[in-house]
Amino acid sequence: MTTWQFTKLTAVTSYDHILLLYAARMFGMSLIAMTVQTAGLNQLPRHLYAHRTAASNTARMVSSSLGTTYMVTVMTTRTQVHVAEYVNRMTIGNPWMHDAVRRLGGDLAAHLGLPSQSGTTLAVRLLYGLVQKQSIVEGINDAFWIATALAGVALILSLFIRRMGVWRQVEPLKALPEPTPRLQSVDRP
């Protein structure tokens, strides 16, 4: 649920809100991870505990690294897509945009005491910074949409986890007692 909440971030989302969502998300993930890991690790006998812990820790580290890499790649790629979409909409060939940039540049130049051309350059840089900021937020939202979908798939797969009996240490079979020697009759000459 909290992963889905991260798909709704905006450029003005407060730090406290993000911190609260993150804390709730990590608490929920820790509860889920412990349960699933325990269920998975109980499938092995006791004498393999050390090996199962090492294998589990290695798999967790590798999968978290791959997951982080994938999510950052999605965020970066989608950020570039969003920047390109904004740039296509906000060209100087767009008469409304051209007029808006010219007016903003004139207002900045008048307020800061700059020449008109410097005000326009400053307005373009300001708009580009806003485009970058908004595109990054949208790229993060897109990455969390993927994470939400993966969490949904994991939820469905978790319904198929079966509870298995815990391995018990079985005592080795006791050796049969040595047969008692039989008395044999000896022929006397």
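The model described here is a predicted one, and of the 189 residues of its protein chain, 19% count as buried. The chain contains 5 helices and 0 strands, so that, read from the N terminus on, its elements run α-α-α-α-α. Among contacts in the chain between residues at least 6 apart in sequence, 62% join residues at least 24 apart.

### Salt bridges

| Asp142 | Arg78 | 2.9 Å |

What does the salt bridge between Asp142 and Arg78 tie together? The side chains of Asp142 and Arg78 meet at 2.9 Å, N to O; because Asp142 lies in helix H5 and Arg78 in helix H3 (residues 49-89), the pair ties together parts that are 64 residues apart in sequence. Asp142 counts as buried, since its relative accessibility is 17% and the limit for that class is under 20%, whereas Arg78, at 30% relative accessibility, counts as partly exposed.

The side chains of Asp99, Arg102 and Arg103 are linked in a network of salt bridges. Asp99 and Arg102 are 3 residues apart in helix H4 (residues 95-112), and therefore about one helical turn separates them. Asp99 and Arg103 are 4 residues apart in helix H4, and for this pair, too, the separation is about one helical turn. As to accessibility, Asp99 counts as partly exposed at 27%, Arg102 is partly exposed with a relative accessible area of 48%, and Arg103 counts as partly exposed at 46%.

### Aromatic rings

A pair of aromatic rings is described by the distance of the centres and the angle of the planes. A search of the whole structure finds 1 aromatic pair, which is formed by Phe6 and Phe144 and is stacked, with 4.7 Å from centre to centre and 20° between the planes. Phe6 lies in the loop between helix H1 (2-5) and helix H2 (15-41), while Phe144 lies in helix H5 (residues 116-158), so the pair ties together parts that are 138 residues apart in sequence. Are the two residues, Phe6 and Phe144, buried or exposed? Phe6 is buried, and Phe144 is buried as well.

Another ring, that of Tyr49, has the charged end of Arg52 sitting over it, 3.6 Å from the ring centre.

### Further features of helix H5

Helix H5 also holds Thr121, which counts as partly exposed because its relative accessibility is 33%. The C-alpha atom of Thr121 is separated by 7.2 Å from that of Gly105, although the two residues are 16 residues apart along the chain.

Which residues form a nonpolar patch on the surface? The patch consists of Val153, Ile156, Leu157, Leu159 and Phe160, which together have about 580 Å² of accessible area. Val153, one of these residues, has its place in helix H5, and with a relative accessibility of 46% it counts as partly exposed.

Key: Residues are numbered from 1 along each chain as its sequence is written. This is a predicted model: local features need pLDDT of at least 70, side-chain atom pairs count only at pLDDT 80 or more; totals for chains, interfaces and linings use all residues. Side-chain values use heavy atoms; hydrogens and water are left out. Rings of Phe, Tyr and Trp (its six-membered ring) pair if their centres lie within 6.5 Å; planes under 30 degrees apart count as stacked, over 60 as edge-to-face and the rest as tilted. Helices (H or I, at least four residues) and strands (E, at least two) are DSSP runs, numbered from the N terminus. Buried means under 20% relative accessible area, exposed over 50%, partly exposed in between (1.4 Å probe, protein chains only). A charge sits over a ring if NZ of Lys or CZ of Arg is within 6 Å of the ring centre and within 35 degrees of the ring normal. Patches are made of residues with over 30% relative accessible area and no salt bridge: like charges are joined within 9 Å, nonpolar side chains (Val, Leu, Ile, Met, Phe, Trp, Tyr) within 5 Å. Accessible areas come from the Shrake-Rupley method with a 1.4 Å probe; for residues, only the protein chains shown count as cover. A salt bridge is a side-chain nitrogen of Lys or Arg within 4 Å of a carboxyl oxygen of Asp or Glu. Contact means heavy atoms within 4.5 Å.
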